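Q: I have a new structure to look at. Where do I begin, and how do I read its features?

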Amino acid sequence: MAKPQTLLALSLLGATFILARMEAGILCLWPSLVAILAVILFRSALPGLLIGAACGSILLCEGQPVRASTSFFTNHLLPSLQSEWNLSVLAFTFLLGGFAALLESGRGFEGILGWFLRGNGNTGKRVQWSAYAMGTICFFDGLASSLLTGKAIRPLADKTGVSRAKLAYIVDSTSSAVACVAIMSTWIAYQLSMIREGYAQAGIVGNDPFSVFLQSIPRNYYCWFTLALLAVAIRKPWNPGPMGKHEDKTGGNKTSLQHVGLQGQAWRATVPLIALVFCLFAGLYIDGSGGDAFPLSLGKLKEAFGDARSNLVLLYASATACLVAWACNASPILESKQDPGKVFMDGMQRFFSPCLILVAAWCLGSTLSQLDASGYLSILLKGNLPPQLFPLAVFLLGVLVSFTTGTSWGTMGVLMPLALPVCFALAPGNEAMVASVVAAVFSGAVFGDHCSPLSDTTIVSAMSCDLEPFVHVQTQLPYALTAAMVASVCGFLPLGFGTNPWICLTAGFISILVIPMLHSRFPRKNGAEGNS
């Protein structure tokens, strides 16, 4: 008997064949709606994006099934796989997966953790700050960060009276939020592809997605405010709602951190990470300067980053970093009776599914482009939505989509090809608005990845801390909603009216400091806010 999800997906495809006989108009938005619904049904980005792309192909072929099937492969899938940019992005993602696996198996992060835990003071807070630092250092991949940090810190948290709920919150908050703003991570290839797809939907070619990404970083308010709120929650400490109960239960169980049994040499992780970042910046500057690299100046640096072929630089930088990681970690991997080659290949294989999601997003974007969905949406919103409110509207829509679907990549894949062309129509020539909309998509996407019960990062963070996922969602949601509220009020709302992004960022940080102080005046009824 077919599963309910499969029956509903078939119903959506059947409805598409019926709708294809009707006139266009609002139907051009149907593939995006189907993609969102299918992601919710299957709780996975890949089938949702593929079904959405299939519906787009059906509409383009006026409901002819054979022609739609052929068109999907010849007009959407194959062109996506023949693009030099797309191929280099796929290769980069696979290589960085192998890079992450080498660093995980080399145990260099244990050495870094041992360095963080030195010294005296409140052992519980030291463990929490160590988890924060570990999550930040593992910027290259959100899921790897969740697994590494959770598994490494959990025994220490149990010994020092830090609840597993608090640890899971720290682990989750420093995974996707850090990966989304990092200049070199497994996310950036997908992010650059979505930015490029948005420009392509608007008929703009030749732009550099990396420079747009750099401009979006200070505007990515949800990620920054999540990290700032986490620091306040550790420092104060601030444990609102259910989190306080969990902290109260473990607050008296505090022991010493002596003889925690951490092994590994920190340089085995730090050297490859430094090589990764250095190769990226050096490659961008050298490639973008076109042989005129010296003398070095700030203006030339900015121009070079805009002119560089970022997709190729990412590929070469990751390949070089993989060689460095292999050289630094082959010895301890062999000592643990593992084959470095197998470790590297297993790491690459782990990113096969994310790469399929990327291909599916390209196919959906291709069908939306031919349906001119962004053009219709621009006409629909023009005059009905003030341009100043568009970044906030995009962020809130991203929050809704990502929380209900549980996938940040799926949210980006659906929203970016629609949001950017509309932005060009509502605010032509406004580069600051473009960067703001890009950041709004990223921030909205990370919200669901951070706290949705359907998110793989949420589930992995809970499992790595040996905590029930539902408890993790329940205790983390007050923090996520607080960060989202501040991002809306202090970030995207004033940003749309032309406020300097750094002023918005500063106002948000101040709000993050004030909110726990105000909350402490109205403590929860059943006891004090737990300390650790």
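The dialogue below takes the features in turn.

Q: What kind of model is this, and how many helices and strands does the protein have?
A: The model is predicted. The protein has 26 helices and 0 strands.

Q: How much of the protein counts as buried?
A: Of its 532 residues, 58% do. The accessible surface comes to about 21600 Å², and carbon and sulfur atoms supply 66% of that.

Q: How do I read a nonpolar core, and which residues have the most contacts inside the largest one here?
A: In soluble globular proteins, nonpolar side chains tend to be buried together. In this model the largest nonpolar core has 168 residues, and Phe99, Phe109 and Phe140 have the most contacts inside it. Take Phe140. Beyond its sequence neighbours within four places, Phe140 touches residues including Phe99, Phe109, Met184 and Leu273.

Q: Where does Leu273 lie, and is it buried or exposed?
A: Leu273 belongs to helix H15, residues 267–289, and is buried. H15 has 23 residues and reaches 32 Å from first C-alpha to last, close to the expected 33 Å. Just after H15, Gly290 takes a positive phi of about 60°.

Q: Why does His472 count as buried?
A: The cut-off is under 20% relative accessible area. His472 has 0%, so it is buried. His472 lies in helix H25, residues 469–496. Apart from neighbours within four places in sequence, its contacts include Ala168, Tyr169, Asp172 and Thr458.

Q: Why does Leu513 count as exposed?
A: Exposed means over 50%. Leu513 has 51%, so it qualifies. Leu513 sits in helix H26, residues 501–520. With Ile510, Val514 and Leu518, Leu513 forms a nonpolar patch on the surface, about 350 Å² of accessible area together.

Q: How do I read a salt bridge, and how many are there?
A: Side chains of opposite charge can pair when their charged atoms come close. Here the count comes to 2 salt bridges. In one, Arg164 and Asp466 meet at 2.8 Å, N to O. This pair links distant parts of the chain, 302 residues apart: Arg164 is in helix H9, and Asp466 is in the loop between H24 and H25. Arg164 is partly exposed at 27%, and Asp466 is partly exposed at 46%.

Q: Where do Lys342 and Asp346 lie?
A: Both are in helix H18, 4 residues apart, about one turn of the helix. Lys342 is exposed at 52%, while Asp346 is partly exposed at 36%.

How values were computed
Residues numbered from 1 in each chain as written. Predicted model: local features only at pLDDT ≥ 70, side-chain atom pairs only at ≥ 80, totals over all residues. Heavy atoms only, no water. Helix = DSSP H or I, 4+ residues; strand = E, 2+ residues; numbered from the N terminus. Expected span 1.5 Å × (residues − 1). Buried < 20%, exposed > 50% of the residue type's maximum accessible area, 1.4 Å probe, protein only. Patch = residues over 30% accessible without salt bridge, like charges linked within 9 Å, V, L, I, M, F, W, Y side chains within 5 Å. Areas by Shrake-Rupley, 256 points an atom, 1.4 Å probe, with all protein chains shown as cover. Salt bridge = Lys/Arg side-chain N within 4 Å of Asp/Glu carboxyl O. Contact = heavy atoms within 4.5 Å. Core = buried A, V, L, I, M, F, W, Y, C linked by side-chain atoms within 4.5 Å.
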